[in-house]
Amino acid sequence: MERLPKDPIMLYSVINTKLRDFYSSLETLCEDMNIDENTLKEKLSSAGFEYNKERNQFI
């Protein structure tokens, strides 16, 4: 997570862009980037964003 923005709004933008352009699932993104999926979800959840698996994005 140290390579990603600390600000949750910026993090939201970066993650959704990566999900849209490069990854078919959050699990794949986390595995490839060596990110703990639960930590990422918690950080974005604290800013009001939840992962939507069907849309493959945080909303």
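Aromatic pairs and the nonpolar core

Modeller: The structure, which is a predicted model, holds two aromatic pairs.

Biologist: Why is the pair of tyrosine 12 and phenylalanine 49 called stacked?

Modeller: The ring centres of tyrosine 12 and phenylalanine 49 lie 3.9 Å apart with 10 degrees between the planes, and because pairing asks for centres within 6.5 Å and stacking for planes under 30 degrees apart, the pair counts as stacked. This pair links distant parts of the chain, with tyrosine 12 in helix α1 and phenylalanine 49 in the loop between α3 and β1, 37 residues apart.

Biologist: What makes phenylalanine 49 buried, and why is tyrosine 12 called partly exposed?

Modeller: Phenylalanine 49 has a relative accessible area of 14%, and buried means under 20%, so phenylalanine 49 is buried. Tyrosine 12 has 25%, which falls between the limits of 20% and 50% and therefore counts as partly exposed.

Biologist: Why is the pair of tyrosine 51 and phenylalanine 58 called tilted?

Modeller: The planes of tyrosine 51 and phenylalanine 58 stand 55 degrees apart, with 5.3 Å centre to centre; because stacked pairs need under 30 degrees and edge-to-face pairs over 60, the pair is tilted. Phenylalanine 58, at 1% relative accessibility, counts as buried, whereas tyrosine 51, at 21%, counts as partly exposed.

Biologist: Which residues have the most contacts inside the largest nonpolar core?

Modeller: Within this core of 14 residues they are Ile15, Leu29, Ile35, Leu40 and Phe58. The elements giving two or more residues to the core are α1, α2 and α3, and α2 gives the most, with four residues.

Conventions
Residues numbered from 1 in each chain as written. Predicted model: local features only at pLDDT ≥ 70, side-chain atom pairs only at ≥ 80, totals over all residues. Heavy atoms only, no water. Phe/Tyr/Trp six-rings, centres within 6.5 Å; stacked < 30°, edge-to-face > 60°. Buried < 20%, exposed > 50% of the residue type's maximum accessible area, 1.4 Å probe, protein only. Core = buried A, V, L, I, M, F, W, Y, C linked by side-chain atoms within 4.5 Å.
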